Amino acid sequence: MLQNSLQPFSNVSTTFHSKTFYAGLCNQYMRFMGLILLASMEGYGQIIEESISWKDTYGHNDLVPHLMLWDVVHWNTYYPILPRLVSYREDIHRDLTLSLDTINLNPGTFVKRNVQYRPEIVSHIWDANATIVPPPFVRKPMEGKNKYKILVKQIDVNQAEKSNPVHLAMYKAMLEGALRPHPFLQGIIDKTRMELGGGDNDHGDEKGGYMVLHARVEPDMARENERICQQYRVMNMTEILNMIYEKYPEPPVKTVLIVLSKALMEQEEAKKDVVMKNKKQEPDYFHVMNHHNLNTLNDILEHGMWGGKVKVVEAGSQMVHDAGNDFYRYYSNIAGSIVNFFLAIQSNILVGTEISTFSTLAMNSRIYRGQRENYFYRPQGLYWMSPLNNVTKPHRFVC
């Protein structure tokens, strides 16, 4: 089925993505949506699938093939609303060349298809008079993300439906579900949802469902982005938990899945211990806050929330690492990020922060899927970002 879906149509214009993704998952997610919009704007109905790779930025720093992370067969059913993804063919795409790289997964190996422009024409692919087959698109690294940002700004000021209806329809299609995880990863998501209590119903079932809490209180956010969107920042884990208890005096779910990097917090705690041992200086505010947050996190992981009535589970890549597939074990960082992201999208309740692309993108996807229980934590308390009288306007990330 995959190979049939990837066959190029002879009567549809095809292009080749000339740049690579970088940064974390959600930044790459935005770049991907932007390049899809750009392909449409330039009149292309097909993109060479091998030209799109996702960077395992915080894992092995490799470029991972798109079709190993996402359900391409499902995506291609959205044509012509969205451009198709198709395989390179030597007899059609004359200016491309294929090489095979063997990745040592230890254990196991994976043969990666690398498709690039032929070396002798690389320096000429953007020449005005060049006839390149297939032609390239996305000349500048930020071009895709900038196109995405233009559209979400138009949506924010209620102009997209009138001035850019085609791109608005594409954006909705992607957030509603066109970009779906690879079937192997989707299987992990479905299994985990059942274990968390999500069942088959995104809006809850007799098991009670689950909440995702994206608590962006890690020290990197505290230190590196201290002055960004201060009016929305809450860095104290206890304050965030108290907001949830105020909103929900009784448990609204069976399980809370907490999304954060405990490893970063533990690394910061180790730094604090070194500072105190050497007695060269007192721990600064960030050390102290991290120490408090880590202790609070460990307490709810051990004892639960709502007096122990609700189990708290830490999200991460371990579920992918343990799933029994050498490829996804090796690339468990980016694959785990995808699993966590879609567990958030499919949760019964999502609590997060608007200073994070993870929270914002997940909540915007939920809006287009009719999932209303989405809350930003702010210094004033939980803010319901998707009330029933504002169902079509997602949140614009500005932090």
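Author: The second largest pocket has a volume of about 410 Å³, a volume being the space filled by probe spheres set on grid points that are joined across faces, edges and corners. A pocket here is an open set of points on a 1 Å grid over the protein atoms alone, where a 1.4 Å probe fits, with protein on both sides within 12 Å along at least five of seven lines. The model is predicted: local features need pLDDT of at least 70 and side-chain atom pairs count only at pLDDT 80 or more, while totals for chains, interfaces and linings use all residues. Residues are numbered from 1 along each chain as its sequence is written, and side-chain values use heavy atoms, with hydrogens and water left out.

The lining holds 27 residues, each with an atom within 4 Å of a point. Nearest the centre of this pocket lie E49, E50, S51, S53 and R113. Two or more lining residues come from each of α1 (2-5), β1 (14-17), β4 (63-65) and β7 (109-117); helices (H or I, at least four residues) and strands (E, at least two) are DSSP runs, numbered from the N terminus. Strand β7 gives the most, seven residues. By type, the lining has 12 nonpolar, 10 polar and five charged residues. Ala, Val, Leu, Ile, Met, Phe, Trp, Tyr, Cys and Pro count as nonpolar, Asp, Glu, Lys and Arg as charged, and the others, Gly among them, as polar.

For comparison, the largest pocket has a volume of about 1,300 Å³. Its lining takes its largest share, six residues, from α14.
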